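Student: I have a structure open and want to go through it with you. Can we take it piece by piece?

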Amino acid sequence: MTSKSFCQRAFWRRKEIVGKCIRNISVSSHQNYAQLPRIKVDMSESVSKTFGEEDFVPKKHPGVLFRGRVCLPSEFTQTAKKILGNNSMKVKTKEMIEFEKHLKGRDLPIEPRAYKEMCIKIEERVRSKEEVMEPFFNAEQLQDLENRRFRETRELVKRLVYHWEPENYSGRKVLEYLMLRSDAEYAALYKIMSEISKRDPDFEPVSLLDFGSGLCTSTWAANAFWNKSLNEHLCVDTSSDMNDTAELILRQGKRDKPTIFRNVFFRQFLPTSPTRQYDLVTSAYSLFELPSAKARIEVLNTLWRKCAKYLIIVEYGRYPGFRLINEARDFVLRLDRPTYRGADGHAFSPCPHDAVCPRFHEDIHACKFSVDYRSMIPFDKQIFKQELFSYVVLKKGTRSPKEPDWPRLLEEPIVRKRHIICRLCLPSGNLKETVVTKKGVSQPMYRATRKSQWGDMLPVEEIELTNSSDSTEGVDVEETEQDPKL
Ligand SMILES: C[S@@+](CC[C@H](N)C(=O)[O-])C[C@H]1O[C@@H](n2cnc3c(N)ncnc32)[C@H](O)[C@@H]1O
């Protein structure tokens, strides 16, 4: 196969994925938002002032956060491929595909109270189906009945309740994890960190703490942006095999070589002393590994205490991952307390507000984002992939008035002929849909919106709440003609 035909195949595959996403948006989530009142928006005054009509480049408007495809650094991939090659791992086996599916499809451990309630409900269901005349039973018959009930309830509990088990990251599992997940996790972290570095150019972290560090993708991603300033990396992971492999990659495959980044230390347990703080604290895909909400809150408490500036939490972009992100956000912003006592931090990204998450409370979809990346596996059928992730970046201190409080695009905007439909999370803590029409807003605003993508911020001011018909003035909303851009 020539490289051209390969690239063409990749291109058409990507088009297919994008097309599918857009079709899904149109039929599923659109129905949820369609009933909501719409908002009228126009470019924020501060932004419109900075653009002369001529030098305005719509695809580089200030709300654009990240474009492009992420690729692991060559130092990482070369060593990783050597390690995998030495262990005769070159292609994905069936077991590895199963392992990947299992990781992505996991649910959260059920809490003891919820488990008890579920068992009671199931027992009631079993009883309600019985057609027996208990009062006429003798002791032996009653005992039989009890035993049968117990057995049936136990079987149903086994079938209906998700049984979470801790994952054992040791031996070959570590190599499988390296092959299956390191590129995707690096890509998600890279995208999140690129937003921090863009929106806060003065941030120069000196120290990094990574909880559940695994293969140190956080360390690699952080050094892509702040290599000059980072001088200490503390990687915490209970698995010594993970730590050994991560260290070997950092030492470029040779144990006697120095690590590629300055001062990388490995620990198996999270240090709890509050005296030492780290500028950047991360937990990537690790909260899923903890057995209960209590254990997660204890870890989050320690991570937040140890954080001097930014805490990044990332999980899979599915509902259970989103639940973990929301739990962490609520805990740090103290939204889970009956008596609110004021938080010592705020949500930096993706939320433009510190209120309870409207997506969690009003919507049935997980709040997730996407990043395109290049697969690390040399002979992967699909070389360009997409990772979906849920995340939150929490920053110490109060929200600065200098930080723009622009709405966030929660889905890919739907571009039609003379209008664009955007689903936004607003600084007021609400979810709203807006239809940006060619006639209804200034030209730079219209062009900037056309070039915006899922996850970007829209540099706009909310103008007013309107009926859905007002904001679509001059446009046939039913019009199905798609923009040629799609
Ligand atoms: C899904 S992996 C995360 C991968 C990692 N973030 C990376 O960049 O490769 C979860 C990691 O958390 C570690 N882990 C599980 N329980 C832990 C705990 N209580 N403390 C620290 N690490 C833990 C596991 O050993 C595993 O390496």
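**Strands, ligand shell and helices**

Tutor: This is a predicted model.

Student: Which way do S4 and S5 pair, and over how many bridges?

Tutor: They pair in the parallel sense, over four bridges. S4 covers residues 232–236 and S5 covers residues 264–267.

Student: What unit do they make with H9?

Tutor: S4, helix H9 (residues 240–250) and S5 form a right-handed β-α-β unit. Another right-handed β-α-β unit is made by S3, H8 and S4.

Student: How many bridges join S3 to S4?

Tutor: Five, and the two strands run parallel. Leu208 has His233 as its bridge partner in S4. S3 is also joined to strand S6 (residues 278–284) by four bridges, again running parallel. There, Leu208 stands opposite Leu280.

Student: How many residues of S3 are buried?

Tutor: Five of its five residues, 207–211. Ser207, Leu209 and Phe211 point one way, Leu208 and Asp210 point the other way, and all are buried.

Student: What comes in the loop between S3 and H8?

Tutor: Cys216 lies in that loop. Its phi is near 65°, a positive value in a residue other than glycine.

Student: Why does Cys216 count as buried?

Tutor: Cys216 counts as buried because it has 29 C-beta neighbours inside 10 Å, and the cut-off is 20 or more.

Student: What about Tyr285, where is that one?

Tutor: Tyr285 is in the loop between S6 and H10. Its phi is near 60°, a positive value in a residue other than glycine. Tyr285 is buried too, with 22 other C-beta atoms within 10 Å.

Student: Switching to the ligand. Which residues come nearest?

Tutor: Gly212, Gly214, Thr217, Ser239 and Glu289, out of 19 residues around the ligand.

Student: How does that shell split by class?

Tutor: Seven residues are nonpolar, nine are polar and three are charged.

Student: And which helices each supply at least two residues of the shell?

Tutor: Helix H7 (172–199) and helix H8 (217–226). H8 is also the helix of the β-α-β unit with S3 and S4.

Student: On to H11. Why does its length agree with what a helix should span?

Tutor: H11 (residues 319–332) has 14 residues, so at 1.5 Å a residue it should span 20 Å, and its end C-alpha atoms are 20 Å apart.

Student: Which of its residues are buried?

Tutor: The buried residues of H11 are Gly321, Phe322, Leu324, Ile325, Asn326, Ala328, Arg329 and Val332.

Student: What do they pack against?

Tutor: Their partners are helix H10 (293–305), strand S7 (307–316), strand S8 (345–349), helix H12 (358–362) and strand S10 (384–396). After H11 comes Arg334, which has a positive phi near 60°.

Student: Where is the cis peptide bond?

Tutor: It joins Ser349 and Pro350, with omega about -5°. Pro350 sits in the loop between S8 and H12.

Student: I also marked Thr434. Which strand is that in?

Tutor: Thr434 is in strand S14 (residues 431–437). Thr434 counts as buried, with 30 C-beta neighbours inside 10 Å. The C-alpha atoms of Thr434 and Ile421 are separated by 5.9 Å, and the two residues are 13 residues apart along the chain.

Student: Overall counts, then. How many helices and strands?

Tutor: The protein has 13 helices and 15 strands. Of its 486 residues, 35% count as buried.

Student: What share of the contacts with a separation of 6 or more comes from residues 24 or more positions apart?

Tutor: Such pairs account for 79% of those contacts.

Technical notes
Residues are numbered from 1 along each chain as its sequence is written. This is a predicted model: local features need pLDDT of at least 70, side-chain atom pairs count only at pLDDT 80 or more; totals for chains, interfaces and linings use all residues. A residue is near a molecule or strand if its C-beta atom, placed from the backbone, lies within 6 Å of it. Ala, Val, Leu, Ile, Met, Phe, Trp, Tyr, Cys and Pro count as nonpolar, Asp, Glu, Lys and Arg as charged, and the others, Gly among them, as polar. Two strands pair if DSSP finds at least two bridges between them. A crossover is right-handed if, with the strands pointing away from the viewer, the path from the first strand over the helix to the second runs clockwise. The expected span of a helix is 1.5 Å times one less than its number of residues. A residue is buried if 20 or more other C-beta atoms lie within 10 Å of its own, exposed if 12 or fewer, and partly exposed in between; C-beta atoms are placed from the backbone. Two residues are in contact if their C-beta atoms, placed from the backbone, lie within 7 Å.
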